[in-house]
Amino acid sequence: MADDNNTKVALVVGASRGIGRQIAIDLAKNGYAVVVAAKSTSDAQSVVPFPPDPNSPQSTISTVEREIVEAGGRATAIPVDVRDFASVQELVDRTIETYGRLDMLVYNSGAIWWASVEDTPMRRFQLMQRVNPEGLYGAVQAALPHLKRRRRGRIVVVSPPIYSRFFRGKTAYAMGKVGMSVLTKGLAMDFQRQGLPDMAITSLWPAVAIESAATRKMTSQNPDEARDLRKPSIFSDAVLAILRAPAARVNGRLELDEDFLRSEAGGGVTDFSRYAVVPGSSPRRIMPAVLPDLTVAEQDDEGKRMDSAKDRDRAKL
């Protein structure tokens, strides 16, 4: 168990490579003890060169743990299969056993397959739903009791704003990722109903494509594609800015990394040149400039409130 009870603890699920790795490393640099979680493990001491390419299979939770520790931070690598709720529960239990607390959860695990409905086999569809919305739901379920203990817990979900263009050409993928954003909206309302003003859940998505294992095939075929990519540090900077912002400002929000960093709450950043993979390039924005408002005029009218959990408990009496 952590010997410093004042050290905040972050659990990053999907932290072996790319964005997740960068988030874990930057959280550690900012004083968090970090639990680095994903499926991939390795013998980090035998990896040469070290650190490995952060977007390669040689980058695992074991090497990320070593990177953090050798830089003077605190980290523990714990493997998890997000498709198995028992594995997710064990991950959270081991986090508490190791550090005695949990202050924030980042869910970055993701399965991807972009194709038409006809060209998306059932097994691909099922994998994406199990890793994306179901994995997130399990991580939130397991983590919530600990995040609520100090009534100040934070959750950051890697999922997009909700708008119809996002569905085009990747319907099965979009069903799961949008479902994750629905969880963000719904859990935020739960926090409000439960009188937890200092808790927040926020979805975050790139405004510009970010260099990752997923973009590697594209750039290997055409190196000029790298001019439209940003470094994952923009995303981790946005995560840190969200954590610094008041809970009421970010709870239930579906944010874009660049747009949040430009905002007053995000620090009012105006120069994004340092994030370009190719120095001097101006990466193309892939997200809309204006997103739809999902609220309605009757937003606060709940009608007759129902609670199936309470109804079930009453039925047992």
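Which strand does Ser 203 lie in? Select residues 200–205: this is strand β6, and Ser 203 lies in it. Helices (H or I, at least four residues) and strands (E, at least two) are DSSP runs, numbered from the N terminus.

The model on screen is predicted: local features need pLDDT of at least 70, side-chain atom pairs count only at pLDDT 80 or more, and totals for chains, interfaces and linings use all residues. Residues are numbered from 1 along each chain as its sequence is written, and side-chain values use heavy atoms, with hydrogens and water left out.

**Stop 1: the whole chain**

Show the protein chain as a cartoon to find 10 helices and seven strands. Its radius of gyration is 20 Å, close to the 20 Å that the globule rule gives for 317 residues, so the chain is as compact as a globular protein of that length. The radius is taken over C-alpha atoms, and the globule rule is 2.2 Å times the number of residues to the power 0.38. Along the principal axes, the C-alpha atoms fill a box of roughly 65 × 50 × 45 Å.

Buried residues make up 50% of the 317 residues. Buried means under 20% relative accessible area, exposed over 50%, and partly exposed in between (1.4 Å probe, protein chains only).

**Stop 2: the sheet**

Now select the strands. Seven of them form an open sheet in the order β3-β2-β1-β4-β5-β6-β7, with parallel pairing. β3 (74–79) and β7 (254–256) stand at the edges with a single partner strand each, so one side of each has no neighbour in the sheet. On average, neighbouring strands are turned by 20° against each other, direction ignored; axes are lines fitted to C-alpha atoms, for helices over the stretch in contact, and angles run from 0 to 180 degrees between N-to-C directions. Two strands pair if DSSP finds at least two bridges between them.

Zoom in on β1 (residues 9–13) and β2 (residues 33–38), which pair in the parallel sense over five bridges. Val 13 stands opposite Ala 37 in β2. Five of the five residues of β1 are buried. In a regular strand the side chains alternate between the two faces of the sheet. In β1, Val 9, Leu 11 and Val 13 point one way, while Ala 10 and Val 12 point the other way.

**Stop 3: helices on the sheet, and the core**

Contact here means heavy atoms within 4.5 Å.

Next, select Leu 11, Leu 27, Val 36 and Leu 105: of the 90 residues in the largest nonpolar core, these touch the most other members. Such a core is a set of buried Ala, Val, Leu, Ile, Met, Phe, Trp, Tyr and Cys residues joined through side-chain atoms within 4.5 Å. Beyond four places in sequence, Leu 105 touches residues including Leu 11, Val 13, Ala 139 and Ile 155.

**Stop 4: back to Ser 203**

Is Ser 203 buried or exposed? Ser 203 is buried, because its relative accessible area is 0%.

Glu 255 counts as buried because its relative accessibility is 6%. Its side chain makes polar contacts with the side chains of Arg 249 (3.1 Å) and Arg 253 (3.0 Å).

**Stop 5**

Select Val 131 in helix α4 (residues 122–147). Val 131 counts as buried because its relative accessibility is 10%. Val 131 and Ala 111 are 20 residues apart in sequence and 6.1 Å apart in space, C-alpha to C-alpha.

Finish at helix α10 (residues 308–316), where the count of buried residues among its nine residues is zero. At the start of α10, a side-chain oxygen of Asp 307 reaches to within 3.0 Å of the backbone nitrogen of Ala 309.

Technical notes: A polar contact is a pair of N or O atoms within 3.5 Å; within protein, one must be able to donate a hydrogen and the other to accept it, and residues adjacent in sequence count only if both atoms are side-chain atoms.
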